[in-house]
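Let's take a friendly walk through this model together. Have the sequence and the 3D view open as you read.

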Amino acid sequence: GDVRGESFAIAALVTSYYYEWDDFRPLDRWLPELDRLLDEGRTQGLDRESELRARAAQLVVVLFRGPDGEAIRRCAARLDALVDEEPDVNVRMMAASILLNTYNWLFMTPAADALVVRTQPVIAVDEVGPLMQLWWRTNLSFWHYIAGRYAEARAAIAQARAVAERYGLEAYLVEIDHARANALIHEGRPA
């Protein structure tokens, strides 16, 4: 079969659920498919971008639907090893955003810190699309908030909100407001 085509198709399907940010239960069906696709013997048929997309999708599924924390860490480590070499800035930002979200959820602060240092220059590139800007800045806000940098968290989320409003991505305002409220509440300010 066409493993590259399979990886793109499964990755697109899984990330569509990630960006919808609603019901992740339908992803249960795709974990065995991703495991099969990313089996050691089959990854040799994948180019770097195809593997990166598939690993990002796999991380979404194991984070939201997988029971095994060790599987999440293994998947995150492999994605982290791939992300910096991706030349397409939107694909790189997609993977980095999913990875930062994972690191935030698992409180993997050193890994998150290193990822942010490596990725922040990329977000400034004009070619980064609005959805990738929005998700990165939302996850960046949570990263700041977890570290107690509330002013920086509010600034990142204000940037995410500006992107959402400018490009008609109002569906994401709920998550943006959630990030802002977390920072304000933990800072001791009224939301």
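This is a predicted model: local features need pLDDT of at least 70, side-chain atom pairs count only at pLDDT 80 or more; totals for chains, interfaces and linings use all residues.

To find the spot on your screen, select Tyr 103, Asn 104, Phe 107, Met 108, Thr 109, Ala 112, Asp 113, Trp 143, Ile 146 and Ala 147, which line the largest cavity. Sorted by class, this lining has seven nonpolar, two polar and one charged residues. The space inside the largest cavity comes to about 60 Å³, and the structure holds one cavity of 30 Å³ or more.

Now let's see how the helices around it are arranged. Two packed helices are described by the angle between their axes and the distance between the axes. Start with helix 6 (residues 89-105) and helix 7 (residues 109-123): their axes come within 10 Å and cross at roughly 155°. Angles over 145 degrees count as roughly antiparallel, so helix 6 is roughly antiparallel to helix 7. Their crossing is left-handed.

Which residues make this contact? On the helix 6 side you will find Val 89, Arg 92, Met 93, Ala 96, Leu 99, Leu 100 and Tyr 103, and these meet Ala 111, Ala 112, Leu 115, Val 116, Arg 118, Thr 119, Val 122 and Ile 123 in helix 7. By class, the contact of helix 6 with helix 7 has twelve nonpolar residues, one polar and two charged.

Turn next to helix 6 and helix 8, which pack at an angle of about 25° with their axes 9 Å apart. Helix 6 and helix 8 are therefore roughly parallel to each other. The crossing of this pair is left-handed.

Here, Asn 90, Met 93, Met 94, Ala 96, Ser 97, Leu 100, Asn 101 and Asn 104 in helix 6 meet Met 132, Trp 135, Trp 136, Asn 139, Leu 140, Phe 142, Trp 143 and Ile 146 in helix 8. The contact of helix 6 with helix 8 divides into eleven nonpolar and five polar residues, with no charged ones.

Note on methods:
Residues are numbered from 1 along each chain as its sequence is written. Side-chain values use heavy atoms; hydrogens and water are left out. Axes are lines fitted to C-alpha atoms, for helices over the stretch in contact, and angles run from 0 to 180 degrees between N-to-C directions. Helices (H or I, at least four residues) and strands (E, at least two) are DSSP runs, numbered from the N terminus. Angles under 35 degrees count as roughly parallel, over 145 as roughly antiparallel, 65 to 115 as roughly perpendicular and the rest as oblique. A crossing is left-handed if the near helix is turned anticlockwise from the far one by less than a right angle, and right-handed if clockwise. Contact means heavy atoms within 4.5 Å. Ala, Val, Leu, Ile, Met, Phe, Trp, Tyr, Cys and Pro count as nonpolar, Asp, Glu, Lys and Arg as charged, and the others, Gly among them, as polar. On a 1 Å grid over the protein atoms alone, a cavity is a set of points where a 1.4 Å probe fits but cannot get out, and a pocket is an open set with protein on both sides within 12 Å along at least five of seven lines; lining residues have an atom within 4 Å of a point. Grid points are joined across faces, edges and corners, and a volume is the space filled by probe spheres set on the points.
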